[in-house]
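Subject: Structure for you to look at

Hello,

Here is the structure I said I would pass on. Please open it first, then read the notes below it.

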Amino acid sequence: MSGAVGSNCGLQAWAKARTRANAGSGSGLRSVLLAAIGAFGLTMAASANVELSLHQVSAPDEVGDTVEVQLIARSDTGSNETMAAASVIITWDVATLDLLGNHTSGAVNLLTSSFPADPFGLNTDLHDGDAIYVAFAPLGNPVVIPPEGALITTYVFEALAVTPGTLVDIPATFGGAVTEVFDGEIAGLVITGALFGGQVEIVDSCPPDLDHNGDVGFGDLIILLASWGPCAPGDCPADLDGNNDVGFGDLIILLDAWGACPG
Ligand SMILES: [Ca+2]
Ligand SMILES: [Ca+2]
Ligand SMILES: [Ca+2]
């Protein structure tokens, strides 16, 4: 076995596994990742682990803004570890966050860093509260994971609603998929450590700005008038005075705030 596995092989392996899954054989993502990093034997238990954690970049974010959540990998051994690949499941509350994608700015050097088509269908819909992110290090150049942590990628969400804290989690398993980190030197060695989700705080410093364009104006007035009348608690952004009804009290608040939002 040459062990020479490039990006195409990795992606082809994903495609093959997907085909097998579609055919009903239920092949696992784990075998796909193992094949892609050149390990075909049994996986081994690790003594040294890589923790994964999620962190909101700038807290809090405004409703309507993009929310950036960093995926940090950290060696728990006190010395550097290496990573060849990782599959990371993330889950979130679709009432407060909508996944827009991810970016690699400032992150470690990776061959692929994305939400590819997966055998479990987690990525068939990226707006339903679950997805699986996959990172492959460049061939022969595993990612160094120091004890102080390394940025793997940044997930980008849209903030949909005010919340003091909504959890973006990294489940160990979900829908048949597994969150796993693979060692960069020993093929097939799983070195997944502790998994820590992260809380995201979303605020709205300018509630009358109903269309989130930075000022209170006719666009917001139209939204308010269009939702005139009784409304359900928690699902009524134009109910500015919180009496479960859009009416003159809310109109007065909006008119008083007319113009640029504070800040
Ligand atoms: Ca999904
Ligand atoms: Ca506005
Ligand atoms: Ca009201």
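Before the sheet is described, one term is needed: two strands count as paired if DSSP finds at least two bridges between them. Please also keep in mind that this is a predicted model.

With that term in hand, the open sheet can be described: five strands lie in the order 5-9-3-1-14, and their pairing is mixed. At the edges are strand 5 (97-103) and strand 14 (192-196), each of which pairs on one side only. From one strand to the next, the twist averages 25°.

Within that order, strand 3 (residues 66-75) and strand 9 (residues 150-159) are joined by eight bridges and pair in the antiparallel sense. To find this pairing on screen, look for Val67, which stands opposite Phe157 in strand 9.

The other strand to look at is strand 7 (residues 130-136). How many of its seven residues are buried? Seven of the seven are buried, so the strand is mostly covered. In a regular strand the side chains alternate between the two faces of the sheet. In strand 7 both faces are covered: Asp130, Ile132, Val134 and Phe136 are buried on one side, and Ala131, Tyr133 and Ala135 are buried on the other.

Strand 7 also has pairing partners. Strand 4 (residues 81-91) runs antiparallel to strand 7 and is joined to it by seven bridges, with Thr91 opposite Asp130. Strand 6 (residues 112-114) is antiparallel to strand 7 as well, through three bridges, and there Ser114 has Val134 as its bridge partner.

Regards

Definitions and conventions: Residues are numbered from 1 along each chain as its sequence is written. Chains are lettered from A and ligands numbered from 1 in the order in which they are written. This is a predicted model: local features need pLDDT of at least 70, side-chain atom pairs count only at pLDDT 80 or more; totals for chains, interfaces and linings use all residues. Helices (H or I, at least four residues) and strands (E, at least two) are DSSP runs, numbered from the N terminus. Axes are lines fitted to C-alpha atoms, for helices over the stretch in contact, and angles run from 0 to 180 degrees between N-to-C directions. A residue is buried if 20 or more other C-beta atoms lie within 10 Å of its own, exposed if 12 or fewer, and partly exposed in between; C-beta atoms are placed from the backbone.
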